[in-house]
Amino acid sequence: MKIYKWQGSGHYLGATMIVMADCLKSAEEIIEKELIDCGLAKSWEETREIEEIEMGDCKLIWGDNGDY
């Protein structure tokens, strides 16, 4: 399993999707479905760039400092 991260435009600010999947194709399907369900299908059309993160490395996956 790997972690995949997608970032794009959201309703008001940027949107981020982080998923764990066995391959890039599965991650794309999960992200696309979630964006469509959230009313952000256009965001998926604008950018389909997905970052692949290896599980064996120690690294920060998500951080939110609460700032604009």
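**Labels and the values behind them**

Modeller: Let's start with Ser-43, which is buried, with a relative accessible area of 4%. This is a predicted model, where local features need pLDDT of at least 70, side-chain atom pairs count only at pLDDT 80 or more, and totals for chains, interfaces and linings use all residues. Residues are numbered from 1 along each chain as its sequence is written, and side-chain values use heavy atoms, leaving out hydrogens and water.

Biologist: Why is Ser-43 called buried?

Modeller: Buried means under 20% relative accessible area, exposed over 50%, and partly exposed in between, with a 1.4 Å probe and protein chains only. Ser-43 has 4%, so the residue counts as buried.

Biologist: And why are Cys-23 and Cys-38 called partly exposed?

Modeller: Cys-23 has 30% relative accessibility, so it gets that label. Cys-38 is partly exposed because its value is 33%.

Biologist: How many disulfides are there?

Modeller: The count is 0, where a disulfide is a pair of cysteine sulfur atoms within 2.5 Å.

Biologist: What makes up the largest nonpolar core?

Modeller: There are 12 residues in this core, including Tyr-4, Trp-6, Val-19, Ala-27 and Trp-44. Such a core is a set of buried Ala, Val, Leu, Ile, Met, Phe, Trp, Tyr and Cys residues joined through side-chain atoms within 4.5 Å. β1 (2-9), β2 (14-21) and α1 (24-37) each supply at least two of its residues, and β2 gives the most, with 4. Helices (H or I, at least four residues) and strands (E, at least two) are DSSP runs, numbered from the N terminus.

Biologist: How do you know that β1 and β2 pair?

Modeller: Two strands pair if DSSP finds at least two bridges between them. β1 and β2 run antiparallel and are joined by 8 bridges, with Ser-9 standing opposite Gly-14 in β2. β1 is also joined to strand β3 (residues 50-53), again antiparallel, by 4 bridges.
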